[in-house]
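Here is a short briefing for a reader new to this structure.

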Amino acid sequence: MRGTPPGILLIRSIRGRDWSFATYRYFVLFITFIAYACYHASRKPTSIVKSVLYPDPKRIPGQYPWPIGKFFIKENFVDNDISSLRYKGWAPFNEPDGPSKLGEIDVAFLACYSLGMFVAGHLGDRLDLRLFLANGMIGSGIFVGLFGMGYFWNVHAFWYFLVMQMAAGLFQATGWPSVVAVIGSWFGKRKRGLIMGIWNAHTSVGNITGSLLAASVLDYGWGWSFIVPGAFIIMGGIMVYLFLPAYPEDFGFTCLPGVASNLQETPNDEEAQITKGNVPRGETNVVSQHGMVRRRGVGLLEACLIPGVIPFALCLFFAKLVAYTFLYWLPFYLSQTGGIVGGILAGYISDKLGARATTAASFVYAAIPSMLLYRTFGNVSVNVNIVLMMITGLFINGPYALITTAVSADLGTHSSLRGDSRALATVTAIIDGTGSVGAALGPLLTGFLSTKGWDAVFVMLMIGALIAGLLLSGLVIAELSERTCNPMSQSSGQQSLGDHVTQPLLRDRR
C-alpha cells in the first residue's frame, strides 16, 4: 500500500487544504530536478580526485583541473608537509599502472550502472517509486562515502575501491528510470519535450555542483571530496522520501474515459481532461479508497516489443557513444552550455512537429557536418573553435537528451499497453541502459584509434552519428507518412511517434 509522503501531510495540515493539480506538477518538477542533480553531483568526486590519487608528473606546477584553483585550494596547500600526498599520490593508484587502475574503476562503475539499469527499471514499475528512489539515493550516498572513508581508514587495497564503485554504480542505476517514470506520470505528451528538455538541465547543474563540492573540501583530504557529495545525495534521498508525490492517482487525480487509454482516441490535450475524485463507475484506471491503483507491470521482453523501443535504444547506443566521446574533449562550461541548449531545442521542436524520431534523426545527421567543420576549421582561431564546439555539442546532445526523456516517457505510456502505464521505468531503463553501454565503449575506442591519428577518431564519430540516424529511418518514414495521410490529426501535435508506428500494427493484430 502506498502512503502519502509525510512532508505533504504536514503541509496539508498547516494549510488546511490540498494543492491544485498544477501546483503538484511544479512540485514534482522541483523535487525530481533536485534528486537527479544529486545523482550527478555524487558521480563527480572521482574525476576531481584523480589528480591527487595519481599525480601527473607532466603537470605544470600551480595548474589544476577545473574547478580546483586558488579559490578552493589554499596557496600553501602544495607546500604543506601534511598534504605532500598531492605529489606522492595514494597507493595503489600512484603506481606505474595507476591510470589503468583508475580506468578499471570507471569501467566497473559504468558496467554495473548499465546492467543495474535494466533491473532497476523492472523493479521501478513494481515498487513504490518514492521509496525506491529514496533508497537508491541513500544507498548511493553510503557507498560514495565509503569510498572516501578509505582515506581515513588508510586503505590501500584496490579491491576495496573497486567494490565501492561497483556498488555505487548499482544504486546509481535506480535514479534515471525512477525520475522519468514520475515525470511521465504527471505530464502529458503535448509539451513533454520542451518541459523535459528544460528539466534535463539537472544534469549540468549536478555536474557543476558536484565538482564544486568535491573541490571545496579537497584541502582537508581527498576523502572529504567523496563524503560531502555522498552526504548531499543522502539528504536528497530524505527529501524524496518526505515530499515526492510519485503518482497523481494517489492524490485523487485521475483521467476521464479515453484518457486512461493513453489518449489513443483523444487528439486534444489530455492534461485538460484530468479531474479530481469524480471517476465513472467501472473505469479501470481509478483510485481506490486507500489511494492505491492496481496496475500490471510489464516484463523486459514485453517492454522491448513495444514499437519504437528497440530502434530508439540502438540509436541512443551510438548517440551516447558520440556524445560521451566528443563532449569529453570540450571545456567543462562549453559542454554543459551546449548540452542544455541542445536538449531544450530538440524538445521544443519535437513538440511542435509531433515527431520525436524525425527531430532526433535530423539532429544526429546535422551533427555529422558540424563535426567535420570543427575538425577542419577548429584551429583557425579561439573564437571559431568555441563557436564550432558549441554548435557541435548542441547537435550531439539534442537527440541524446530527447531520447532519454520525452521519447522514453512517450513509449512508457504507449497505446499498445492498453491503459497500463507501469512500463515507464522499464522502457526508460532499456533505452538508457543500452545507451550507457555505448557511453562506456566510446572512450575505449577513442583510446585505440587516437594512436592512429585524430582523423580516425572523427571518422568513427561521424559513422556513429550516421548509424544512429539510419536506425530511426523506419520510424521517420512512419511519422512523415502519417503527417501526409492525416494532416488534421497532426496539427494537434499530440500523438507520439510510437503511436504513429503502432496504429497499423494494432489494426493488423485485431
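Cys112 is buried, because its relative accessible area is 12% and buried means under 20% (exposed is over 50%, partly exposed in between; 1.4 Å probe, protein chains only). This is a predicted model: local features need pLDDT of at least 70, side-chain atom pairs count only at pLDDT 80 or more, and totals for chains, interfaces and linings use all residues. Residues are numbered from 1 along each chain as its sequence is written, and side-chain values use heavy atoms, without hydrogens and water.

**Cysteines**
- Cys38 also counts as buried, at 1% relative accessibility.
- The whole structure has zero disulfides (pairs of cysteine sulfur atoms within 2.5 Å).

**Helices α5 and α6**
- Helix α5 spans residues 98-124 and helix α6 spans residues 129-152 (helices are DSSP runs of H or I, at least four residues, numbered from the N terminus).
- Their axes lie 12 Å apart, at an angle of about 165 degrees (lines fitted to C-alpha atoms over the stretch in contact; angles run from 0 to 180 degrees between N-to-C directions).
- α5 and α6 are therefore roughly antiparallel, a term for angles over 145 degrees.
- Ile105, Ala120, Leu123 and Gly124 in α5 meet Leu129, Phe132 and Phe147 in α6.

**Confidence**
- Mean pLDDT for the chain is 80 (the predictor's confidence in each residue, from 0 to 100).
- A pLDDT of 70 or more is reached by 76% of the residues.
- Residues 277-294 stay under 50, with 26 contacts beyond four places in sequence (heavy atoms within 4.5 Å).
- Residues 489-510 also stay under 50, with 50 such contacts.
- Where pLDDT is low, the predicted coordinates should not be read in detail.

Terms used: Helices (H or I, at least four residues) and strands (E, at least two) are DSSP runs, numbered from the N terminus. Angles under 35 degrees count as roughly parallel, over 145 as roughly antiparallel, 65 to 115 as roughly perpendicular and the rest as oblique.
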